[in-house]
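Here is a briefing on one protein model.

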Amino acid sequence: MAELMSDDVTGAPESGGGDMVAIKLPVWWTFGGLIMGLLVGAILAERPVMDTLLQIADPMGALWLRALQMTIIPLVAALLVIGIARMAEAATAGRTARRMLGFIFVILLLSGTATALAMPALLALFPIPASASALMAGGELQEVPGVADFISSLIAPNLIAAAAETNMLPLTIFFALFAIAVSRLAAQDKATLLGFFHALANAMLTIIGWVLWVAPVGVFALALGVAAQSGGGTFTALAHYILTVSAMGVIVMVAGYALAVIAGGRNLFSFARALLPAQAVAISTQSSLASLPAMLDSARRLRVTPAVADFALPLSVAIFRATSPAMNMAVAIYVATLAGVELTPALLVAGVAVAFVISIGSVSLPGSISFVISIGPIAIAMGVPVEPLALLVAVEMLPDIMRTLGNVTMDVAVTVATDGPEKTETADPATLAAHG
């Protein structure tokens with residue numbers, strides 16, 4: 001973007017609520033705070049003045065991190081209820097909508113599963129640089145339950161206690177079930193509850209907007225301490241992090257091409273050529289919403305039934321983030337590997353499950369906010385320290401390019417797959433909604 005800010009936070013109107021609040025975030029200033037903190041820390045690492053600086057920077061960074069964490073549970077709860085209710089409403093639009101949602105559910109599940117399998121292998125092949133250990137400064141390992149304890153922990157007998165102990169997996173399951181129950185209520189009750197959660201989400205987004213507004217200062221303070229330990233090696237560690245996490249987004253993007261060919265019956269090269277303009281917009285704007293007109297044009301070039309494209313692509317932009325489970329899991333696995341957490345099958349299953357559910361509620365939010373509310377619950381469910389996330393959020397603007405590129409590719413691929421093999425006939429939108 002030309003300005004030193006991110007896109008606004010916007011959301012589609014919901015039953016019982018209006019739009020999401022608009023928030024501007026100092027993305028480039030935050031990135032600048034990271035670079036400046038690393039440079040100052042590397043230059044002054046061996047000098048006496050660093051001890052004095054750290055006495056100020058350490059508590060400042062810790063305070064900012066706690067402020068970042070305090071909104072996670074209420075915001076995740078609110079967005080889950082809104083997101084799942086939105087999906088339930090979309091499922092009533094006809095067979096085409098249900099076919100599309102079927103693709104979305106399968107893709108989100110496979111997205112996280114692919115990372116659970118590929119990311120540990122990638123990190124084994126290209127190990128994390130030793131200098132990255134400084135990112136763990138202040139990070140605390142959480143207790144990892146055994147298999148029996150893991151299964152019994154899926155249901156929390158006391159939600160207040162679960163929230164106090166930040167047990168994200170049972171909380172996520174509860175609010176997912178709660179959202180489904182809300183979608184089945186009478187219209188008046190449904191509107192009342194959705195209105196409450198919509199207001200709660202807006203309030204939490206406002207608070208987290210305030211916290212992220214001072215992110216340049218908080219990130220500078222955290223980066224100063226990291227660089228004091230590792231010096232200039234932190235730049236290498238962050239580059240390694242960006243490349244490996246982005247690689248999981250590449251997997252999702254490639255899967256989009258495969259979906260268009262296998263389920264959509266399109267020629268690979270024709271699909272790739274038609275998609276290029278939309279991908280160019282995605283890279284330049286880092287916004288799926290801004291890419292929507294170009295995606296509609298790509299669908300026209302691919303001869304997607306107009307009514308299907310006009311229905312499926314806006315819905316995809318509203319409720320579907322194909323790369324979220326994959327790249328969010330990648331961040332959690334990266335930090336887990338860095339912290340020496342053993343990635344047992346139970347932990348990976350927990351991570352995939354939370355990533356799948358959380359991805360429904362993290363739509364239509366800028367990368368910085370989505371990073372905080374999406375990866376935090378996954379990390380907590382896997383017993384992974386969340387402290388490194390406060391520093392990694394400063395470089396999210398770079399992996400976010402891959403997120404948007406993968407999402408735009410998969411949005412068009414799902415639309416093509418929903419439409420099926422190339423057709424010459426068109427359908428009336430009202431007929432489409434009624435009969436699919």
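Buried means under 20% relative accessible area, exposed means over 50%, and partly exposed lies in between (1.4 Å probe, protein chains only). Helices (H or I, at least four residues) and strands (E, at least two) are DSSP runs, numbered from the N terminus. This is a predicted model: local features need pLDDT of at least 70, side-chain atom pairs count only at pLDDT 80 or more, and totals for chains, interfaces and linings use all residues. Residues are numbered from 1 along each chain as its sequence is written, and side-chain values use heavy atoms, with hydrogens and water left out.

**Overall figures**

- The protein chain has 19 helices and 0 strands.
- Of its 436 residues, 54% are buried.
- The accessible surface of the chain is about 18000 Å². Carbon and sulfur atoms account for 68% of that surface. Accessible areas come from the Shrake-Rupley method with a 1.4 Å probe; for residues, only the protein chains shown count as cover.
- A contact means heavy atoms within 4.5 Å. Among contacts in the chain with a separation of 6 or more, 82% join residues 24 or more positions apart.

**Helix H11**

- Helix H11 covers residues 268–285.
- The expected span of a helix is 1.5 Å times one less than its number of residues.
- H11 has a kink of about 45° at Leu276, shortly before the proline Pro277. The bend at a residue is the angle between axes fitted to the seven residues ending there and the seven starting there.
- The buried residues of H11 include Phe271, Ala274 and Leu275. Ala278, Gln279 and Ala282 in H11 are buried too.
- Leu268 also belongs to H11. Leu268 is partly exposed, at 40% relative accessibility.

**Nonpolar surface patch**

- Val261, Ile262, Leu268 and Phe269 make a nonpolar surface patch of about 430 Å².
- H10 and H11 are the elements that give two or more residues to this patch.
- Patches are made of residues with over 30% relative accessible area and no salt bridge; like charges are joined within 9 Å, and nonpolar side chains (Val, Leu, Ile, Met, Phe, Trp, Tyr) within 5 Å.

**Salt bridges**

- Side chains of opposite charge can pair when their charged atoms come close.
- A salt bridge is a side-chain nitrogen of Lys or Arg within 4 Å of a carboxyl oxygen of Asp or Glu. The count by this rule is 4 salt bridges.
- One of them joins Arg266 and Asp419, at 3.6 Å from N to O. Arg266 sits in the loop between helix H10 (233–262) and helix H11, and Asp419 in helix H18 (residues 399–419), so the pair ties together parts that are 153 residues apart in sequence.
- Both partners count as buried: Arg266 has 4% relative accessibility, and Asp419 has 6%.
- Asp297 pairs with Arg300 at 2.7 Å, N to O. The two lie 3 residues apart in helix H12 (residues 292–301), about one turn of the helix.
- Asp297 also pairs with Arg301, at 2.8 Å, N to O. Asp297 and Arg301 are 4 residues apart in H12, again about one helical turn.
- Arg300 is exposed, at 56% relative accessibility. Asp297 is partly exposed, at 23%.

- Helix H3 (residues 72–90) is mostly covered, with 16 of its 19 residues buried.
- Its 19 residues should span 27 Å at 1.5 Å a residue; the end C-alpha atoms are 26 Å apart, which agrees.
- Val357 is in helix H15 (residues 345–361). Val357 is buried, with a relative accessible area of 15%.
- Leaving out residues up to four places away in sequence, Val357 touches Leu80, Thr172 and Ala176.
- Val357 and Pro325 are 32 residues apart in sequence, and their C-alpha atoms are 8.9 Å apart.

**Arg303**

- Arg303 is not a glycine, yet has a positive phi of about 60°.
- Arg303 lies in the loop between H12 and helix H13 (306–319).
- With a relative accessible area of 55%, Arg303 is exposed.
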